[in-house]
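Keep the viewer open, try each task, and then compare with the worked solution.

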Amino acid sequence: MAQKSTDALDQVLKRLDTEDIDDYLDTYADDLVLEEHPFSSYMRKLIKRNGLTQRTVFERAEIPDRYGYRLLTQEKNTKQRDYILRLCIASQLSLKETQRALKLYGMSELYSKFPRDAVLMIALNKEIYDIARVNALLTEHGMAPLKEITSSI
């Protein structure tokens with residue numbers, strides 16, 4: 001059975017009452033995120049699927065290995081969405097996969113009404129997985145490039 005989308009589950013929840021909680025949890029168990037670190041397992045699965053290694057992703061993302069591993073395992077949390085975007089781009093994720101990764105990490109998804117996000121969405125849709133090219137697109141349009149990770153981390 002195909003997994004239900006978040007929107008579909010949201011619609012189901014709108015119709016439920018508090019006494020329906022156990023039924024919901026049982027019925028949709030396969031659709032729920034139950035892992036302690038869903039971002040980590042999601043990213044590892046996609047990195048492997050794309051024939052990449054974590055080290056290659058960190059190099060392409062211009063993230064020091066040690067910090068990259070800590071981000072990926074969620075041992076180290078960041079509030080910098082650009083760091084997670086660097087990981088997603090370097091992992092060759094689609095826009096849809098990137099949106100899910102951001103959400104699983106607890107960050108806001110890219111939003112088409114924000115100009116910088118729109119440029120990033122176009123880059124992902126066009127499968128531009130090179131950080132330098134993405135940054136060039138951003139700066140060409142007067143926007144800040146993806147934040148670099150400082151060595152003080």
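## Exercise 1: Around helix H8

The model is a predicted one, so please read every value below as computed from it.

**Task.** Find out which residues of H8 are buried and which helices they pack against, then describe where glutamate 127 sits and whether it is buried or exposed.

**Solution.** 

Step 1. Start with the helix itself: Arg116, Asp117, Val119, Leu120, Met121, Ala123 and Leu124 of H8 are buried.

Step 2. Look at what lies against them. The buried residues of H8 pack against H6, H7 and H9.

Step 3. Now move on to glutamate 127, which belongs to the loop between H8 and H9. Its relative accessibility is 56%. The cut-off for exposed is over 50%, so glutamate 127 counts as exposed.

Step 4. Consider the phi value. Most residues other than glycine have a negative phi. Glutamate 127, with phi near 55°, is a residue other than glycine with a positive value.

## Exercise 2: Another positive phi

**Task.** Which loop holds glutamate 62, and how does its accessibility class come out?

**Solution.** 

Step 1. Glutamate 62 has a positive phi of about 60°, although it is not a glycine.

Step 2. Its place is the loop between H4 and H5.

Step 3. The relative accessibility of glutamate 62 is 45%, so this residue counts as partly exposed.

## Exercise 3: How H4 meets H5

**Task.** At what angle do H4 and H5 pack, and which residues make the contact?

**Solution.** 

Step 1. The two helices pack at about 110°, and their axes are 10 Å apart.

Step 2. Angles of 65 to 115 degrees count as roughly perpendicular, and H4 and H5 are therefore roughly perpendicular to each other.

Step 3. For handedness, H4 passes H5 in a right-handed crossing.

Step 4. H4 brings Gln54, Arg55 and Phe58 to the contact, while H5 brings Asp65, Gly68, Tyr69 and Leu72. By type, the residues of this contact are 3 nonpolar, 2 polar and 2 charged.

## Exercise 4: An enclosed helix

**Task.** Why is H7 described as largely enclosed?

**Solution.** 

Step 1. Of the 11 residues of H7, 8 are buried, so this helix is largely enclosed by the rest of the structure.

Step 2. The buried residues are Leu95, Glu97, Thr98, Gln99, Ala101, Leu102, Leu104 and Tyr105.

Step 3. Their packing partners are H3, H5, H6 and H8.

Step 4. After H7 comes glycine 106, with a positive phi near 95°.

## Exercise 5: The nonpolar core

**Task.** How many residues does the largest nonpolar core have, and which helix gives the most to it?

**Solution.** 

Step 1. The largest nonpolar core has 41 residues. Phe39, Met43, Ile84, Leu87, Leu110, Val134 and Leu146 are those with the most contacts inside it.

Step 2. Helices H3 (38–49), H4 (54–61), H5 (65–72), H6 (81–90), H7 (95–105), H8 (115–125) and H9 (131–140) each supply at least two of the core residues. H6 gives the most, with 7 residues.

Step 3. Zoom in on leucine 110. Leaving aside neighbours within four places in sequence, its contacts are Arg81, Leu85, Leu95, Thr98, Gln99, Leu102, Asp117, Leu120, Met121 and Leu124.

## Exercise 6: The whole chain

**Task.** How many helices and strands does the protein chain have?

**Solution.** 

Step 1. The count is 9 helices and 0 strands.

Step 2. Of the 153 residues, 41% count as buried.

Conventions:
Residues are numbered from 1 along each chain as its sequence is written. This is a predicted model: local features need pLDDT of at least 70, side-chain atom pairs count only at pLDDT 80 or more; totals for chains, interfaces and linings use all residues. Side-chain values use heavy atoms; hydrogens and water are left out. A nonpolar core is a set of buried Ala, Val, Leu, Ile, Met, Phe, Trp, Tyr and Cys residues joined through side-chain atoms within 4.5 Å. Buried means under 20% relative accessible area, exposed over 50%, partly exposed in between (1.4 Å probe, protein chains only). Helices (H or I, at least four residues) and strands (E, at least two) are DSSP runs, numbered from the N terminus. Contact means heavy atoms within 4.5 Å. Axes are lines fitted to C-alpha atoms, for helices over the stretch in contact, and angles run from 0 to 180 degrees between N-to-C directions. Angles under 35 degrees count as roughly parallel, over 145 as roughly antiparallel, 65 to 115 as roughly perpendicular and the rest as oblique. A crossing is left-handed if the near helix is turned anticlockwise from the far one by less than a right angle, and right-handed if clockwise. Ala, Val, Leu, Ile, Met, Phe, Trp, Tyr, Cys and Pro count as nonpolar, Asp, Glu, Lys and Arg as charged, and the others, Gly among them, as polar.
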